[in-house]
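Thanks for coming. I will talk about pockets in this one, and I will keep it short.

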Amino acid sequence: MKIKNIINYCWLITTGTMALTAFTSCETKFYEEEQYRKEVYIVSGDENIFGQEYAFGKESVGYISIYVGGTTAIDENVDVELELYPQALRSYNQRIYGENYASYVQQLAPENYVIENWKVTISKGNSKPYVMLPIKVNVSNLIDGEEYYIPLRIKSVSKYMISPTRRVVLFRIYVKNDYATSKSNSYYNMAGLEQIYTETSGIFTPDGPGTGMNSTKLLKPTGETSVRMMPGALVSANETDERNKNIVLTVHPDEIIDVPVLDEGIPTGQYLKRQKVTVASWDYSSSSVVVGDIEGEQSYYDPETKTFTINYRYRLSTEKKWHFMYEVLSPLKQ
């Protein structure tokens, strides 16, 4: 009886070992095979939006990435064809803005961009199964203050499935120059002086002493060498408020002016070379802010410190008094 029990025990051990070996083998095979179905998709964020920055003054290139998702490598090349898909942008506008048509974002006109090849190939030899589609854009003709998108969709693939949730991308066009970008907030620290004046027959008389001020200002690119912002210490409440009150600072890199060096307010006879800056209203309507120069004062930009020094006067359309402004704008570190 004892010998029989030993034989049964040994049989159980042998059987268990074989089963464990078989399970381990199946487990290894399972992980070697695809755990998730492969899907071809376009990389994007919330609302299927993905964007790139484009510089004013030249045609530059941005990219979208197209991936094959899954846990194992692809075993052959995958051809992907894209197409323009305006319905995606219409659906986005209706979903986000409803009947607020003035806030609708715009589809970028074909004359402002180039996609040279609508077909790309994801190669099986890549360690990461993706390919980048180049999109050339010229932003010089875009209307400042509008948002522009290129709505794209995967039309077909040579193998695998197209992702039902990441098939479409709304490719947003961001603009930038040397002073600001629309992709993120470009903040500047402002240290300045404000003084209120009354105008009578073209003569400006101060109402009292000036008031020092410090604030953080948001600058937005409007052209190759220009940015816009709210004047003085005003802040924006909405798009209409911006359009009525924003002023534009334009740097003139080829116009160099001499800025006198002062020592406790007294000229030293020395001068600094700086780039000329002009100040104007952003929008021109009956509701626009009125902007003018201050006699005897210059506005300029220092490219080394990236600092604006501006002197100007402004008056809102609802006001009779003038605000005489002296501001120094230095970029905040992001």
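By class, the residues lining the largest pocket divide into 15 nonpolar, eleven polar and ten charged. Keep in mind that this is a predicted model.

How much space lies in the largest pocket? The figure is about 850 Å³. Its lining is made up of 36 residues, and the closest to the centre are Asp144, Gly145, Glu146, Glu147 and Arg228.

Next, where the lining comes from. Strand 11, at 168-176, strand 14, at 211-223, and helix 3, at 239-245, each supply at least two residues to the lining of the largest pocket. Strand 14 gives the most, with five residues.

Now the other pocket on my list. The second largest pocket holds about 370 Å³ of space. A total of 17 residues line the second largest pocket, and Gly296, Glu297, Gln298, Asn311 and Tyr326 are the closest to its centre.

Which strands each supply at least two residues of that lining? They are strand 12 (186-200), strand 16 (247-263), strand 20 (307-315) and strand 21 (322-331). Of these, strand 12 has the largest share of the lining of the second largest pocket, at four residues.

As for class, the second largest pocket is lined by ten nonpolar, five polar and two charged residues.

To go back over it while you look at the picture: for the largest pocket, find strand 14, which gives the most to the lining, and Arg228, one of the residues closest to the centre. For the second largest pocket, find strand 12, with the largest share of the lining, and Tyr326, one of the residues closest to the centre.

How values were computed
Residues numbered from 1 in each chain as written. Predicted model: local features only at pLDDT ≥ 70, side-chain atom pairs only at ≥ 80, totals over all residues. Heavy atoms only, no water. 1 Å grid on protein atoms, 1.4 Å probe; cavity = no way out; pocket = protein on both sides within 12 Å on 5 of 7 lines; lining within 4 Å. Points joined across faces, edges and corners; volume = space filled by probe spheres on them. Nonpolar A, V, L, I, M, F, W, Y, C, P; charged D, E, K, R; others polar.
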